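Open the model in your viewer and keep the selection panel at hand.

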Amino acid sequence: MVEISQLSKTYLDIQAVDHLDLIIPHNCIYGFLGPNGAGKSTTLRMLLSLVSPDQGSIKVFGKDLKNHRKEILSGIGSIIEKPDFYLYLSAIENLNLLARLSGIRPNPNRIQELLELVGLSARGNHKVATYSHGMKQRLGIAQAIIHDPQLIILDEPTTGLDPNGILELRQLILNLRQEGKTVILSSHILSEIELI
């Protein structure tokens, strides 16, 4: 699914990523572990073309990211840091808008299916401003998979969640794997990744 070779990135005098080699197989949950500041987020940002590497190569779906960027990114869903939404709109309105921004015709059945998958079907018509942090995280996953990507990248998705929110998110990630998705999950908490 993903092949990274000799990937490096430096910010001023800080070596954020140093000659990273990484292979991630299809249809798995891949725990990308390391302490804060280890370069996990920088690596994921390079994988999403949000940051340019200083050197190295990235292949996704067997294709070079430099030469097939648009095609590759259309097959990836992600949450980097925290998801942002229009708080004065409902979850359904946000997903309709985000579908259109992704170039997809909004499909009410698909949106309802996504809300059920992430456990928000009963709150789909409520404004996102009324959502807890955990609910926003789950809505973020619905947004990330609205276009049915094969690869899902979640950068520290349990940050700020209470124990129930972590359990719900863990089950959601397992459900995505059962649907044949590949999930890259970064964290600095080894025990949480072990449970997933």
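A cavity here is a set of grid points where a 1.4 Å probe fits but cannot get out, and its volume is the space filled by probe spheres set on those points. The model is predicted.

**Stop 1: the cavity**

How many cavities of 30 Å³ or more does the structure hold? There is one. The largest cavity has about 40 Å³ of space.

Select P157, T158, I173, L185, S186, S187, E192, I193 and I196. These residues line the largest cavity. Colour them by class: five are nonpolar, three are polar and one is charged.

Now show the secondary structure. Strand 8 (182-187) and helix 7 (190-195) are the elements that give two or more residues to this lining. Which element gives the most? Strand 8 does, with three residues.

**Stop 2: K40**

Move to helix 1, residues 40-47, and select K40. Is K40 buried or exposed? K40 has a relative accessible area of 6%. Buried means under 20%, so K40 counts as buried.

Next, follow the side chain. The side chain of K40 reaches the backbone oxygen of G34 at 2.8 Å.

Conventions. Residues numbered from 1 in each chain as written. Predicted model: local features only at pLDDT ≥ 70, side-chain atom pairs only at ≥ 80, totals over all residues. Heavy atoms only, no water. Helix = DSSP H or I, 4+ residues; strand = E, 2+ residues; numbered from the N terminus. Buried < 20%, exposed > 50% of the residue type's maximum accessible area, 1.4 Å probe, protein only. Polar contact = N/O pair within 3.5 Å; in protein donor to acceptor, adjacent residues only side chain to side chain. 1 Å grid on protein atoms, 1.4 Å probe; cavity = no way out; pocket = protein on both sides within 12 Å on 5 of 7 lines; lining within 4 Å. Nonpolar A, V, L, I, M, F, W, Y, C, P; charged D, E, K, R; others polar.
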